[in-house]
Each structure stands twice: as structure tokens, then as C-alpha cells.
Amino acid sequence: MSDPFSCFFGFALAMLVLLRRLKTSRYHSVSSLLLDSSRFLFSGNILTWANHFMCSRFSFSSFSNFDEVFNREMIRNIVSQERWADSRLVGFFDSALAPVRVSKILIELRQDPLLALKLFKWSESQNGFRHTTENYCVIAHILFCSRMYNDAHNVLRKLVILHKNSNYDAKPFPCSIVDVLWLTRNVCVPGYGVFDELFSVMVELEMLEEARECFLRMRSFRVIPKVRSCNNLLHKFSKVGDGGLVKKFFDDMIGAGMAPSIFTYNIMIGLLCKEGDLKAARSLFTEMRNVGVSPDVVTYNSLIDAYGKLGELGEAVCIYEEMKAAKCSPDIITYNTLINCHCKYEKLPMSFCFLREMRERCIKPNVVTYSTFIDAFCKEGMLQQAIKFFIDMRRVGLIPDEFTYTSLIDANFKVGNIDDALKFVKEMVETAVKLNVVTYTALLDGLCKGGKMKEAEEVYMAMLKDGIVPNEKTYTALMHGYLKAKRSDDAMMILKKMRENNMRTDLLLYGTIIWGLCNLRRFKDVNTLLDEMKENNIEVSEVIYTTLIDSYFKAGKNEEARNTLKEMQERGISPTAVTYCSLINGLCKLGYVQEAINNFNYMKSVGLQPNVVIYTSLIHGLCKNECIEDARKLFLEMPEKGLLPDKVAYTSLIDGTMKHGNIQEALDLVKQMTESGLELDLHAYTCLISGLSRCGQLQQARGLLSEMIQRGIQPDEVVYGCLVRKYHEVGNREEADVLLNEMMERGLAPVKGQLLNKTYEPELV
């Protein structure tokens with residue numbers, strides 16, 4: 001080479017390549033051999049010029065030998081005939097500059113892309129050889145320009161994967177690939193579709209943040225991927241739930257001067273709707289129409305769904321009407337969304353209007369439609385209507401899914417139809433419908449509440465065998481069952497298992513455990529859990545406080561109950577009507593009637609309406625403490641407040657009236673009770689027979705005894721004891737003995753001495 005600069009350039013470049021070779025010892029890195037080495041001496045543009053200059057004019061010994069032996073036709077013949085062992089071809093790979101030679105050969109073969117690709121693939125198999133980023137980019141350009149898009153895609157995909165797995169850090173990934181692809185763009189007729197292909201590859205490989213970096217780098221070169229490709233990235237960002245990156249990339253697109261398509265707007269509006277930002281969603285909805293992009297069915301469905309989930313049913317219907325006015329035809333998703341949100345907010349009649357309208361438009365209800373109605377009926381307690389829809393959906397050829405069955409299973413358990421619930425489970429298994437975690441949880445919950453713990457444990461084991469991971473609700477159902485069965489140790493084992501699985505104990509679960517332990521009078525363990533809640537910054541709810549107050553009263557711990565109420569109020573938690581119900585009921589049972597009345601008056605003063613249980617508790621307490629007039633006033637007040645007295649209220653007042661000797665008034669109450677649809681039970685008959693016996697009305701009392709037996713109500717020791725005692729008092733020992741014999745015939749084993757010496761009083765619940 002006669003040019004001194006060329007000699008210097010060739011020497012310098014060879015030295016850089018040699019240093020690179022010594023550093024890595026082999027070509028394991030995918031990063032650009034020339035570009036990465038040049039960062040110490042040259043800029044990217046100078047380097048690209050140097051590469052072409054070297055390939056055409058370099059006279060350094062190895063390159064001059066390469067030029068001497070290189071012949072395009074010769075290479076084409078060798079490659080086309082696959083004479084890979086030809087020494088003229090193999091010799092090209094004896095130097096550290098082999099990747100540069102491969103690039104030159106690929107460029108020379110660019111008019112024959114199949115041969116170029118064949119050489120590229122063969123080169124990879126050579127021992128110790130690895131393609132550089134330039135090699136990949138050169139062949140990608142050649143293939144794309146030749147419309148061999150799949151092959152170009154595969155080459156870029158491999159390049160990206162190799163870069164991703166490489167530890168070489170000369171330039172940030174993915175910018176290095178974009179840079180080299182840009183610098184090699186003149187290998188063929190300049191075209192920028194290959195840049196879109198690179199961007200699409202990164203999106204396809206779920207390298208979302210890298211794809212965004214790639215976009216920004218391309219934008220700096222004024223090369224922009226297609227809107228469709230950008231939409232794919234937007235969609236992927238939204239699927240992984242990264243709303244922040246979705247919005248950033250949307251801004252990137254707008255900043256690059258891209259015109260969003262209907263799909264772009266749909267992705268953004270869908271995201272904003274899921275986030276509940278309806279103001280921003282409506283703003284974008286208005287913007288898209290202003291720029292001439294017409295909303296489609298997906299756009300409208302997103303808005304309808306968002307408003308429906310927030311309970312803004314009027315707005316959802318307005319969007320629906322606007323949709324029809326814009327000549328955009330609603331689809332099955334539109335109607336299912338409208339039906340679902342109206343069912344969710346207990347607007348079943350409106351849901352049926354949409355069902356009728358969709359049928360008028362010849363849109364057939366699908367499994368989702370039927371399942372939505374079935375679930376709504378089940379939640380409303382309309383089980384028979386749910387069954388009718390279930391039968392109808394199968395009649396029209398639709399196969400119920402796990403959601404359909406789960407609704408029916410849960411509803412049957414809740415009304416106590418355990419056998420029917422299990423029939424649906426059996427049907428699911430027989431029709432190969434997989435039970436999901438919600439189905440298993442409903443099944444476990446129903447069995448546990450039904451006291452079938454053995455069956456519940458079998459279901460739990462089957463759930464684990466099916467590979468279904470229990471969630472918090474599953475464990476809560478099991479724990480509730482164990483506590484109800486008084487198996488507190490098993491319940492605590494479930495709690496331990498939850499903590500081993502790093503499941504957070506939430507307020508509902510704490511409430512369930514505390515409820516169970518309170519029923520077992522394990523107040524020490526309850527206090528431990530309350531301390532734990534404080535440590536975890538979980539506020540004790542009014543439900544838990546109410547449970548504690550009720551349990552303390554039932555255990556006779558009236559001071560602890562009062563202190564709990566005081567603590568509740570000091571922490572700013574207002575007692576609910578249920579709290580006052582437990583409080584008043586507990587105070588009455590312990591004889592603190594005046595305190596109960598004070599709380600009754602206070603709750604009314606703060607706007608809380610006493611319920612039937614509260615009135616009944618007070619009536620019972622007042623009667624027990626011989627305050628009949630006050631009890632009668634409360635009894636008469638109930639209908640004025642829209643409350644119907646229950647059996648306990650009637651029975652308490654009947655008992656109190658009898659004790660005051662007002663037999664006729666008591667019998668009038670009995671007549672009123674039966675006329676209101678309430679039947680006399682054991683407690684009511686006991687009060688009447690006891691009162692009549694006490695007043696000496698033995699014949700009438702015996703008549704009631706016969707009546708209760710005819711109605712299938714078995715008298716107990718209390719009923720017989722009242723009569724036997726009174727017969728002995730009046731000297732009618734024969735009749736007393738008849739009753740004693742009758743007791744023995746009914747399986748009661750009376751001890752005559754005890755019957756005569758014991759005072760019998762009816763025990764009211």
C-alpha cells in the first residue's frame with residue numbers, strides 16, 4: 001500500500017482487533033467487534049467508513065492475501081455447491097479478522113440472499129468463530145431487502161437473545177444493536193422496515209423496557225416503528241399492569257409525531273378505565289373523535305364496563321345509547337357487561353330488558369349471559385329461578401362452566417341443601433369441568449358450616465392433589481369449621497400453615513379466630529391475638545368488639561364487657577345496632593335492666609333503630625323483673641316502629657302476665673300470637689301450663705298438655721313438674737301418679753321426691 005495513512009490505519013485497526021482477540025480469547029460476545037473496539041479511537045461514523053475502506057483498499061498482509069484469493073464467482077460456486085471443506089473458504093477463518101471478511105463476503109453476495117444466508121449459517125459452525133453484531137445486521141439488511149422477512153426476523157431474534165445473555169458491556173443494550181443496524185443501513189437499498197422488525201422482536205420476547213429504549217434510540221435517528229408494532233408494546237405494558245410505562249410510551253409515540261390508531265386509543269382508554277380514571281378516559285374518548293378516529297365497539301365496551309363497575313349505571317346506559325346513536329352495533333360483550341353491572345347492583349328488571357333487547361337484535365345469549373343471571377338469582381335467594389336458567393342453558397346447547405356451577409353450589413349450601421350442592425359437584429366432575437379455587441372454597445365453606453368436617457378435610461386434600469393453591473378465603477373457611485366444631489387446635493394449625501405460606505392474616509381472619517376462641521371461652525388466647533393485631537397495625541373492628549362484648553356477657557364477665565365497650569368508644573369506634581343488641585341482651589340476662597333501658601334510650605338518641613332482638617331482650621328482662629307495664633309499652637311500640645314481635649317477645653309477655661295472675665290477658669296474647677302466624681312452641685306451652693297450674697286452673701292446663709302432644713311437641717320434665725307439684729298441693733295424688741307414669745312411658749325418669757320439692761320455672765331463650 002503506497003498511501004502512508006492507509007498503512008497507519010490498517011496497522012491501527014489490526015492492533016485493535018488483536019487486542020480484542022486477546023481480551024476475549026474467543027468470540028463469545030455478540031457485540032460489535034469493530035464498533036466496540038473503536039470507542040477508544042474513532043466515532044461510529046468514521047468506523048463504518050474505515051470498515052468499507054479497509055475491505056476495498058487495505059494492503060496489510062492478511063487483507064491483501066484475502067483480496068488476492070477472493071473472487072465473487074468462486075465463493076458463489078463454493079457456497080452453492082456446499083464445498084465447505086474447500087481450503088480457499090476455510091482459509092478465510094484463520095485470522096482474528098475473520099468476522100470482517102465474512103461481512104465483506106456477505107456484502108458481495110447481497111444480490112443472492114439465499115447463498116448469503118447459507119454462508120452465514122455455515123460460518124456459525126466454525127470452531128472458535130462467532131458472528132459480530134455487524135454480521136447479524138448485514139445479513140438482516142440483505143434478507144429484509146430481499147423480502148425474506150421470516151429469515152430476517154429469525155436472525156434479529158437470535159441477535160437480540162445473544163445480546164441479552166452476553167456479559168459484554170461496551171455499550172448499553174439494546175442501543176448497540178440499533179446503532180450498528182443504522183451504520184450498516186447502506187448495505188442494500190436503504191429501507192427502514194428492518195428497524196421495525198428489530199423493535200417487534202424485542203416486544204415478542206417480552207423485553208418491554210428494552211423495546212422502549214430501542215424506540216427512543218430509533219427516534220433519535222428519525223426512524224420510527226410502525227404504529228401497529230407500537231400498539232403491541234402498549235398492549236404488553238398494559239397486560240403486565242404497568243400503567244406508568246403505558247402512559248410514558250404513549251407520550252413517546254405522540255412526541256415522535258405518530259398518529260394513534262383506533263387500537264392505540266382502545267388500549268389507553270381500556271387502561272384508564274381499569275384504573276378507575278374515568279375523567280381521563282372520557283377526555284381521550286373526546287380527543288379521538290376530534291382527530292377523526294371513530295370509536296368502535298371495544299371503545300364503548302370499555303367505558304360501559306368502567307361505569308358499571310363503579311355503580312354509575314345511568315352513565316353506563318348513556319354510553320350505550322350514544323353507541324347506538326353513532327351506528328356502532330352492540331355485541332355480546334356489550335350486553336353481558338350491561339347485564340352484569342345491573343345484576344351486581346340488584347337491578348334485575350333492567351337486566352331482563354337488556355336480555356330482551358339482545359334477543360331482538362338476534363344476538364344469542366352465551367354461557368357468560370346465563371351464568372350472570374344464575375349468579376344473580378342465587379345471591380337474591382331465588383334458587384328455583386336459577387335452576388330454571390341452568391336447565392334452559394343446557395337445553396339450547398350451552399355447556400355450564402365452573403362459574404355457573406360454583407354459584408349453584410354456594411347457593412345450595414347457604415340454604416342448607418347440602419345434598420343438592422354435592423350433586424352439582426358430582427356433575428362437574430362427570431362433565432370434566434375443573435373445580436377452581438373459588439369452587440373448592442365454596443364447597444369447603446358449605447361443608448364446614450354444615451358441620452361435616454371429615455368431608456371438608458377430604459375435599460381439602462383433593463384440592464391440594466389437583467394442584468389448586470388454597471387462598472386466604474379457603475383457609476378462613478376451614479378455620480371457621482374447626483372453631484365451630486370446637487377443634488381449636490386444628491384451627492390454630494391452619495393459622496400456622498398460612499403464616500408458613502407467607503399469607504397475611506387480615507381483619508376477617510382475625511375476626512373469625514377471635515369469634516371461635518370466644519365461643520370456647522379462651523379469652524387468654526383472644527387477648528394474645530388482640531395484642532398481635534396492634535403490633536401489625538390492624539385496627540380492631542366494631543364486629544370484633546361486638547363479639548367480645550357478647551362473649552363476655554355470656555361468660556358472666558360483665559365488667560370485662562363494659563370495659564370493652566368503653567375502649568371501643570375511646571378509640572372513636574361507634575357501637576352499631578348489633579353492638580347495642582349484644583349489650584342490652586347481656587345486661588338484661590344478668591339483671592341490669594335499668595342500665596339496659598338507658599342504653600336503649602341512648603341508641604335511639606344517636607339515630608340507631610333498635611331491632612326485634614333488642615325489644616325482645618328488654619321485654620324479657622322487664623317481665624323477669626316484674627315490670628309488666630313497661631314491658632307491655634315496649635311490646636305495643638314494636639308495630640309502630642315497623643317491627644313484628646317474635647315468639648320470644650310473645651312468650652315473655654305471656655309468662656309475665658301469667659305470673660301477675662292476668663290469665664285472660666295472657667290467653668288474649670296467645671290468640672294474637674297464633675293469628676299473626678306464629679305457632680306455640682315448647683317454651684310458650686310451658687309458660688301457659690306453668691301459669692295456669694300456679695293459678696289453680698289444672699283442667700285448662702291439662703287441656704293444653706294434650707294439645708301440645710297432639711301437635712307433636714313433646715313435654716319435658718318442666719311441664720310435667722308444674723302439674724305434678726300442683727296436683728300434690730291440692731291432694732289429687734291419683735292424677736299426679738297418672739302423670740308420673742306418663743312421664744316414664746315417654747322415656748323421662750322422674751324422681752318423685754325431686755319433682756315435689758323442686759320449683760319449676762320456664763327457661764326462655
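Helices H17 and H18 cross in a left-handed way, where left-handed means that the near helix is turned anticlockwise from the far one by less than a right angle, and right-handed that it is turned clockwise. The model is a predicted one, so local features need pLDDT of at least 70 and side-chain atom pairs count only at pLDDT 80 or more, while totals for chains, interfaces and linings use all residues. Residues are numbered from 1 along each chain as its sequence is written, and side-chain values use heavy atoms, with hydrogens and water left out.

Back to the helix pair. Two packed helices are described by the angle between their axes and the distance between the axes. H17 spans residues 278-290 and H18 residues 297-309; their axes sit 11 Å apart, at an angle of about 160°. Axes here are lines fitted to C-alpha atoms, for helices over the stretch in contact, with angles running from 0 to 180 degrees between N-to-C directions. H17 is therefore roughly antiparallel to H18, given that angles under 35 degrees count as roughly parallel, over 145 as roughly antiparallel, 65 to 115 as roughly perpendicular and the rest as oblique.

On the H17 side, the contact (heavy atoms within 4.5 Å) is made by Leu278, Ala281, Arg282, Phe285 and Met288, and on the H18 side by Thr299, Tyr300, Leu303, Ala306 and Tyr307. Sorted by class, that gives eight nonpolar residues, one polar and one charged; Ala, Val, Leu, Ile, Met, Phe, Trp, Tyr, Cys and Pro count as nonpolar, Asp, Glu, Lys and Arg as charged, and the others, Gly among them, as polar.

Ala306, in H18, is buried at 5% relative accessible area (buried is under 20%, exposed over 50%, partly exposed in between, with a 1.4 Å probe and protein chains only). Leaving aside residues up to four places away in sequence, Ala306 touches Cys273 and Leu278. Thr337 is 31 residues from Ala306 in sequence, with 9.6 Å from C-alpha to C-alpha.

Zooming out, the protein chain has 44 helices and zero strands, both taken as DSSP runs numbered from the N terminus (helices H or I, at least four residues; strands E, at least two). Of its 765 residues, 50% are buried.

As for disulfides (pairs of cysteine sulfur atoms within 2.5 Å), the count is zero. For Cys145, the nearest cysteine sulfur belongs to Cys188, 4.0 Å away; Cys145 is partly exposed at 39%. For Cys687, the nearest is that of Cys722, at 9.4 Å, and Cys687 is buried, with 1% relative accessibility.
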